[in-house]
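Open the model in your viewer and keep the sequence panel beside it. We will go from stop to stop, selecting as we go.

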Amino acid sequence: MSIDWAALGQVFGVTLAVTVGIVGLFTVGIVGTSRKPQPEGAAAAAAATVAAPGAGARAGAVAAFALCAAAVAYGIYLIVAA
């Protein structure tokens, strides 16, 4: 029995990179959904120092979750197609 160490190293490297990428995307999605818009009566100083996240943060979160779902679906496709 012979082990192809180069191929094993490639699989490990790609797996590590994709895992870190998907976890990062999921984290961006969680942060985007946890952002709350500033209330209407917020002080002008607070509004000037912190930009009120709104639809942009929500759209970014949805895009991040969609990319995570696409990566998972592609992984399932690769497993089932074999």
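**Stop 1: The whole chain**

Show the chain as a cartoon: it has three helices and zero strands. Helices (H or I, at least four residues) and strands (E, at least two) are DSSP runs, numbered from the N terminus. Along the sequence, the pattern reads α-α-α.

Before you select anything, note that this is a predicted model, where local features need pLDDT of at least 70, side-chain atom pairs count only at pLDDT 80 or more, and totals for chains, interfaces and linings use all residues. Residues are numbered from 1 along each chain as its sequence is written, and side-chain values use heavy atoms, with hydrogens and water left out.

**Stop 2: Color by confidence**

Color by pLDDT, the predictor's confidence in each residue, from 0 to 100. The chain averages 85. At least 70 is the score of 78% of the residues. Which element has the lowest mean pLDDT? Select residues 44–49: that is helix H2, with a mean of 52. Now select residues 5–34. This is helix H1, which has the highest mean, 95.

**Stop 3: The surface**

The chain exposes about 6300 Å² (Shrake-Rupley method, 1.4 Å probe; for residues, only the protein chains shown count as cover). Carbon and sulfur atoms supply 75% of that area. How much of the chain is buried? Buried residues make up 7% of the 82 residues. Buried means under 20% relative accessible area, exposed means over 50%, and partly exposed lies in between (1.4 Å probe, protein chains only).

Next, select Met1, Ile3, Trp5 and Leu8. They make a nonpolar surface patch of about 580 Å². Patch residues have over 30% relative accessible area and no salt bridge; like charges are joined within 9 Å, nonpolar side chains (Val, Leu, Ile, Met, Phe, Trp, Tyr) within 5 Å. A salt bridge is a side-chain nitrogen of Lys or Arg within 4 Å of a carboxyl oxygen of Asp or Glu. Met1 is found in the segment before H1.

**Stop 4: Helix H3**

Select residues 55–81, which form helix H3. H3 has 27 residues. Which residues of H3 are buried? Pick Ala61, Ala64 and Cys68. Their cover includes H1.

**Stop 5: Phe65**

Stay on H3 and select Phe65. Phe65 counts as partly exposed because its relative accessibility is 27%. Phe65 touches Phe26, Gly29, Ile30 and Thr33, leaving aside residues up to four places away in sequence. Contact here means heavy atoms within 4.5 Å.

**Stop 6**

Select Val28 in helix H1. At 46% relative accessible area, Val28 is partly exposed. From Val28 to Ala64 is 6.6 Å, C-alpha to C-alpha, across 36 residues of sequence.

Finish at Val31, also placed in helix H1. Val31 is partly exposed, at 37%. Val31 and Ala57 lie 26 residues apart in sequence and 8.4 Å apart in space, C-alpha to C-alpha.

Terms used:
Expected span 1.5 Å × (residues − 1).
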